Amino acid sequence: MLSIQNLTVNHGTLTALSDVSVSIQAGQWLMIAGANGAGKSTFVHAIAQSVPYQGVIRYQRRDLKTMRPNEIAREIAFLSQRHQVNYAFTVEEVVTLGRFAHRQGFFSATDSQGERKVHAALEMTGMLALKDQSMLTLSGGEVQRTFLAQVFAQDPNLIILDEPTNHLDLKYQKQTFELIQEWITQPNRAAVSVVHDIGMARAFGTHAMLLERGKMIAYGDNRTVLSRNNLMNAYGMDVEGWMRTILAQWEA
Amino acid sequence: MDRRKRPFRWTAYALMLLSTIAILLLCVCMGSVNIPLADTLTVIWNTLWGRPIPQGMSRSIILLVRLPRVLSVALCGVSLSLSGAAMQGLLRNPLADGSTLGVSSGASLGAILAIAFGLTIPGVSYGGAMAMAMLFAFLSLVFILTFAYRLDHSLATNTIILIGVIFTMFAHSIISLIITFSGDKVKSIMFWTMGSLAGSNYQNALALLITLVLCGALILSSSRELNALAIGEDNARYIGVDVKRVKLRILIASSALIGVCVSVGGTIGFVGLVIPHMTRMLVGPNHRRLLTASMFGGAVFLMLADLAGRVLLSPLEIPIGVITSLIGSAVFVYIFYHTRKAR
């Protein structure tokens, strides 16, 4: 589905990502983990074509650099961790923008499936009751769920998520991961997400990639990659031991 | 679906158009000499259909003085508010406007350079000034935004306004320098810098109309893209907007609209700031409604400002730019205060 070969990103003289090669197949959920500054966000922003890069990123064998923005948006959706809405757009207006790339013809108001997809996306994310509310009145979590609904309304085959549960409380963190897990079960769908919570990565991911200072130090099956030794190398601490210590507080 | 999310119905367009025409007729009728509405309608109607105009009617006041002036004022209002609404959406900044960004001053510099160096386009009066005003408006906008982006990638309000102020001061210092060395052309430059639509003719109105049709179509056809950009440039890219192309389209169209207005009537400040802001409070931020409503609002506001300038201290006339700046600066402070307070 998505093939990334020799991906390198430079920010001036600093190499943010160096020679990373991975491939993502339908049905997979690739979790990107690593310490701060490891290059996780840079990796997903390169897929989203937001940063200049060297190497090749192919979607269904087509180089993303040769595809038009609306062609990419029909296949790949991106959920960022930061949103700043300055005007009083309603939740539904923001979610409806997810159908932008599916517009049929210059003068049509929306595409044939637009309203149905928008309604379904609002329902899935629990934002239907707030659809007429101004974005300026929402909490950080509600804003994030609105943009998640926009991603679902976009109806892509691949979702890229940059720390998707950053502003969400525990209930919505769980709900968001479960929603994406269910979404992937449909044919020809996959997801890539940057995560800080290794527990979530182990529970929901099918595959994982560990980055350290821009270099890929492990990639493959989720359980194999997120091993005690690999995590020790990526974070410079015993992540598993620390998580077990925290869990022990509940068992005591 | 909430009615604020849909485009206007044709009845709403008809209502806005009729209100604008009513204000236009009022502005033609009123002035230092008041003319009955029936006379005004008869003169315009008979002229349109080539019929003779009855004796005793103020034909020359209506056709040669007031109608071309009011038409030019209305078209300037439409152009300035449309470009303001587009720039506020593009930059996600409710304080963006030709005057606050310094674009109008850049356009003035271009026009004055054309007058001082005698740049003309054969057959078009003030054609050289018009072309140079458009070119300099675009170059100023590109310069200001590039500089602001280099300083602050988020294009924050304070950064843009500060650079706009500095650029305006720079443009005015160059203008003063040109006036100092312009010799025998100083009179025509000074006359132009005073900025007024009092002497507008049908050629001015036609230039404004042609620019508005071409550039207005570009902006109006980008209303969905503007909605996406108003929510965030990155988000717009993720949902499939060709951000670079749309930005360039909006910047060129807005600069041309500001440039032609400046070349016809000098700097008329704050129309592009006040009208989109007021309109957004009434119809919401969706550009499918905001752009068209701002156009009608801009025409009505500027025609009434011009009328106030003509009748308040009659027979003295207050320049239109003074009235718009008085109202605009108060609204600017209001928006700035509330934007800061909201943080």
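Modeller: Rings of Phe, Tyr and Trp (its six-membered ring) form a pair if their centres lie within 6.5 Å; planes under 30 degrees apart are called stacked, over 60 edge-to-face, and the rest tilted. The model is predicted: local features need pLDDT of at least 70, side-chain atom pairs count only at pLDDT 80 or more, and totals for chains, interfaces and linings use all residues. Residues are numbered from 1 along each chain as its sequence is written, chains are lettered from A and ligands numbered from 1 in the order in which they are written, and side-chain values use heavy atoms, leaving out hydrogens and water.

Colleague: How many aromatic pairs does a search of the whole structure find?

Modeller: The search runs over all chains. Its count of aromatic pairs is eight.

Colleague: Which chains does the pair of A:Phe78 and B:Tyr238 join?

Modeller: This pair is tilted, with 4.3 Å from centre to centre and 40° between the planes. Both residues are buried, that is, under 20% relative accessible area, where exposed is over 50% and partly exposed in between (1.4 Å probe, protein chains only). Helices (H or I, at least four residues) and strands (E, at least two) are DSSP runs, numbered from the N terminus. A:Phe78 lies in strand 6 of chain A and B:Tyr238 in helix 11 (residues 233-238) of chain B, so the pair joins two chains, A and B.

Colleague: How many residues of chain B are in contact with chain A?

Modeller: Contact means heavy atoms within 4.5 Å. On the side of chain A there are 34 residues. On the side of chain B the number is 28.

Colleague: Which residue of chain A forms a salt bridge with B:Glu225?

Modeller: A salt bridge is a side-chain nitrogen of Lys or Arg within 4 Å of a carboxyl oxygen of Asp or Glu. The rule finds one across the interface of chain A and chain B. The closest N and O atoms are 3.9 Å apart, and the partner of B:Glu225 is A:Arg103.
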